[in-house]
Amino acid sequence: MSAVKLDGKATAAKIKADLTKRVAVLKERGITPGLGTVLVGEDPGSQIYVAGKHRDCAEVGIASIRVDLPATATQPDVEAAIDELNASPACTGYIVQLPLPKHLDTMALLERIDPAKDADGLHPVNLGRLVHMVDAPLPCTPHGIVLLLREYGVPIKGAEVVVVGRGITVGRSLGLLLTRRSENATVTLCHTGTQDLASHVRQADIVVAAAGVPELIKRDMVKPGAAVLDVGVSRVNGKIAGDVALDVEEVAGHLTPNPGGVGPMTRALLLSNVVEAAERRLG
Ligand SMILES: Nc1nc2c(c(=O)[nH]1)N[C@@H](CN(C=O)c1ccc(C(=O)N[C@@H](CCC(=O)O)C(=O)O)cc1)CN2
C-alpha cells in the first residue's frame with residue numbers, strides 16, 4: 001500500500017490564490033494589509049522561515065515590515081520593537097519568531113503583542129478565546145492541519161486523534177481546534193512523560209507528530225490506513241528530518257511529505273490571519 005500524499009504545497013497555493021483576491025478588494029477600499037516580523041538572533045532555521053514569510057507576502061500583495069535584532073538584544077529592546085509594531089498603522093498583524101534566545105522572557109513578549117494584531121494566534125487572550133470557542137485568530141499550524149485534512153476528505157468527526165508533542169505552536173492548541181463541535185474528534189495529547197507512546201499511536205485514525213524527534217513514529221506503531229501528519233523539523237546532516245520514519249508510507253492511508261506538507265500550510269494560514277485582521281478593520 002502507498003499512502004495518499006497530503007500535499008500542503010498545493011493546498012497552500014489554493015489558499016494564497018483566494019487571499020490574493022481578498023487583498024485586492026481590501027486595497028480597492030483603501031487598506032493594504034501589512035505583516036510584521038520580529039526576529040531575534042541568527043538561528044538559521046528561523047532566518048529561512050522569516051524570509052519565506054516575506055516572500056509569501058509579496059506573492060499575495062501584503063506589505064512587509066521586517067525587524068531583525070541581534071542575538072544580544074535585551075528584553076527592553078524587543079519590547080520596544082513590539083510597541084512600535086503595536087502602534088504602526090501600516091502593520092495589520094505581526095509575529096515574534098520563535099524560539100527566542102534563552103535570556104528573553106518569551107511569555108512576557110507574547111503578552112505584549114496587541115491581541116488584535118496577533119497574526120500567530122498565540123497571545124493568551126486569543127488562546128483563551130479559542131478555549132471559549134469565540135472568534136479569534138487561530139494558531140497557524142493547527143489551523144493548517146485541520147484545513148489539510150478537510151481538503152483531502154480525511155474524516156475528522158468521531159476520529160481518534162493522537163497528537164505527539166505539547167509545544168505551544170502546535171500540540172496544545174491543536175486539541176482545542178479538533179474538539180470543537182465543528183470537528184468533533186477525540187484527541188489524546190502525548191508528550192515526553194507518556195508511558196507507552198506506541199500503544200496510544202496504534203489506536204489513532206489520525207496521528208500528528210510534532211515532537212521534533214527524528215523518526216519517532218515508526219511503521220509498526222501506525223494503524224493501517226491512518227492519516228499521518230509530520231510536523232517535526234530537525235536538521236540531520238544538513239537535511240530536514242521529520243518525526244515520521246519514511247517507511248510509514250507503506251501502512252498509512254494519508255501522509256504529509258516533509259518538506260511540502262504542514263510547513264507551507266502554516267505560512268498560508270499566517271497570511272490568512274493578516275488578511276482577516278485587515279478585513280476586521282473594515283468592520
Ligand atoms: N512565531 C512563530 N514561530 C514559529 C512557528 C510559528 O508558527 N510561529 N512555527 C515554527 C516555524 N515556522 C514558522 O514560523 C515554520 C516552519 C516551517 C515552515 C516551512 O514551510 N517549511 C518548509 C521547509 C522549509 C525549509 O527548507 O526549512 C516545508 O515544510 O515545506 C514554515 C514555517 C517554529 N517557530
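## P124 and its surroundings

With 13 C-beta neighbours inside 10 Å, P124 counts as partly exposed. Here a residue is called buried if 20 or more other C-beta atoms lie within 10 Å of its own, exposed if 12 or fewer, and partly exposed in between, with C-beta atoms placed from the backbone. P124 sits in helix α5, residues 124-132. Helices (H or I, at least four residues) and strands (E, at least two) are DSSP runs, numbered from the N terminus. P124 and R112 are 12 residues apart in sequence, and their C-alpha atoms are 10.0 Å apart in space.

A word on what you are looking at: this is a predicted model, in which local features need pLDDT of at least 70 and side-chain atom pairs count only at pLDDT 80 or more, while totals for chains, interfaces and linings use all residues. Residues are numbered from 1 along each chain as its sequence is written.

## Two domains

The domain assignment divides the protein into domain 1 (26-125) and domain 2 (140-264); such bounds come from an automatic or database domain assignment. Taken over C-alpha atoms, the centres of domain 1 and domain 2 are separated by 27 Å. Their contact takes 5 residues from domain 1 and 4 residues from domain 2, where two residues are in contact if their C-beta atoms, placed from the backbone, lie within 7 Å.

On the side of domain 1 that touches domain 2, there are 2 nonpolar residues, 2 polar and 1 charged. In this count, Ala, Val, Leu, Ile, Met, Phe, Trp, Tyr, Cys and Pro are nonpolar, Asp, Glu, Lys and Arg are charged, and the others, Gly among them, are polar.

## The nonpolar core

Now let us look inside. The largest nonpolar core has 79 residues, and V207, V208, A209, I217, V228 and L229 have the most contacts inside it. Such a core is a set of buried Ala, Val, Leu, Ile, Met, Phe, Trp, Tyr and Cys residues joined through C-beta atoms within 7 Å. Helix α9 (residues 262-282) gives the most to this core, with 10 residues. Because domain 1 (26-125) and domain 2 (140-264) both contribute residues, this core lies between them. In soluble globular proteins, nonpolar side chains tend to be buried together.

Apart from its neighbours within four places in sequence, V207 is in contact with V162, V201, I217, V222, A226, V228 and L229.

Two strands count as a pair if DSSP finds at least two bridges between them. Strand β2 (residues 34-40) pairs with β4 in the parallel sense over 4 bridges, and the bridge partner of V38 in β4 is V96.

## The six-stranded sheet

Another open sheet has 6 strands in the order β1-β11-β8-β7-β5-β6, and its pairing is parallel. Its edge strands are β1 (4-5) and β6, each pairing on one side only. Between β8 and β11 the parallel pairing runs over 2 bridges, and V228 stands opposite L255 in β11.

Most residues other than glycine have a negative phi, and most peptide bonds are trans. The peptide bond from L98 to P99 is cis, with omega near 0°; P99 is in the loop between β4 and α4 (106-112). N258 and P259 are also joined by a cis peptide bond, with omega of about 10°, and P259 belongs to the loop between β11 (254-255) and α9.

N184 has a positive phi, near 55°, in the loop between α7 (171-178) and β6 (186-190). With 12 C-beta neighbours inside 10 Å, N184 counts as exposed. E215 has a positive phi of about 55° although it is not a glycine. E215 lies in the loop between β7 (206-209) and β8 (227-230), and with 17 C-beta neighbours inside 10 Å it counts as partly exposed.
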